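Work through the exercises below with the sequence and the 3D structure at hand. Try each task before reading its solution.

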Amino acid sequence: MKFVFLGTTGYHPNNRRQTLSVMFPDNGFILDAGTGLFRAREFVSTDQLHVFLSHVHLDHCIGLTFLFDVVNGKQMRQTQVYVEGEKQTVLEEHLFHPLLFPAMPPIDFIPMKIGPNAIKVPDQMDVHTFPLSHPGGSVGCIVQQDGKRIAYVTDTTAGLDEPYLEQIAGVDLLIHECYFPDGFEEQAAITGHSCATSVAQVARQCGVGELLLVHVNPLDETDDPIGLESLREIFSNVRIAEDLMEVEI
Ligand SMILES: [Zn+2]
Ligand SMILES: [Zn+2]
């Protein structure tokens, strides 16, 4: 499986990072539509796009308004956007309200199922979804292909008692949000985000192969907004994802 990070921060873009979006170009599959989605244009190589929305907080859905340009001049047959329940209506009535955005991009919304085989992506890629706790709710997923499994967990508060841990046990790669370094536990709980140590503990407890951190605090544009050194004492195989980083497993 090959993928590229189109954006790696949360809340708002900064000079180094766009908000979260991850693309599997060979499959036309995209996790979240943050501001980084404008970069999908240079990676489009299929005639269909399948966009998974973890939830519709603006930093994860604003990129849907860029779709006209993403597919401009491409032979695009269809763009499917998978979104949970009433959140589709929220997008249609608010994000795409004519006073906010002048025209509806060519999107087919599909209700997101929770559980196995939630999304069928071309080339035997299978997506299994599960709920995450976050204000308004969020959805995580496991992307599986050729016997490899990648877990995508963003916008939630990591903790060893969280039900999602059983879903991600033993995955080859865990993409997990880590908005805060340690010391911001109270703020993390209020906003539904994660601090460094608890994410590392989750990775260790679940026996994942590798941990890639995303949705890092946009106020810190340095190489290490997380405090990797102390995190590595708990789980050593960890990196912070960077925009346009390409990964193959
Ligand atoms: Zn977010
Ligand atoms: Zn959120």
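**Exercise 1.** Decide whether Arg239 is buried, partly exposed or exposed, and then find which side chain it meets in a salt bridge.

*Solution.* Begin with the cut-offs: buried means under 20% relative accessible area, exposed means over 50%, and partly exposed lies in between, with a 1.4 Å probe and protein chains only. Arg239 has a relative accessibility of 35%, so this residue counts as partly exposed. Next, look for the partner: a salt bridge is a side-chain nitrogen of Lys or Arg within 4 Å of a carboxyl oxygen of Asp or Glu, and Arg239 meets Glu210 in such a pair at 2.9 Å, N to O. The pair links distant parts of the chain, since Glu210 is in strand 12 (residues 210–214) and Arg239 in strand 13 (residues 238–240), 29 residues apart. Here helices (H or I, at least four residues) and strands (E, at least two) are DSSP runs, numbered from the N terminus. Finally, Glu210 counts as buried, at 15% relative accessibility.

Two remarks on the source apply throughout. This is a predicted model, in which local features need pLDDT of at least 70 and side-chain atom pairs count only at pLDDT 80 or more, while totals for chains, interfaces and linings use all residues. Residues are numbered from 1 along each chain as its sequence is written, chains are lettered from A and ligands numbered from 1 in the order in which they are written, and side-chain values use heavy atoms, leaving out hydrogens and water.

**Exercise 2.** Which parts of the chain does the pair of Asp26 and Lys2 tie together?

*Solution.* First, confirm the contact, a salt bridge of 3.9 Å, N to O, between the side chains of Asp26 and Lys2. Then place each residue: Asp26 lies in the loop between strand 2 (21–24) and strand 3 (29–31), and Lys2 in strand 1 (residues 2–7), so the pair joins parts that are 24 residues apart in sequence. Asp26 is partly exposed at 43%, and Lys2 is partly exposed at 41%.

**Exercise 3.** Which residues coordinate the zinc ion (ligand 1)?

*Solution.* Donors are N, O and S atoms within 2.8 Å of the metal (3.2 Å for Na, K and Ca), and water is not among the atoms, so sites may look incomplete. The zinc ion (ligand 1) is coordinated by Asp59 (OD), His60 (NE2), Asp155 (OD) and His215 (NE2), at 2.1 to 2.4 Å.
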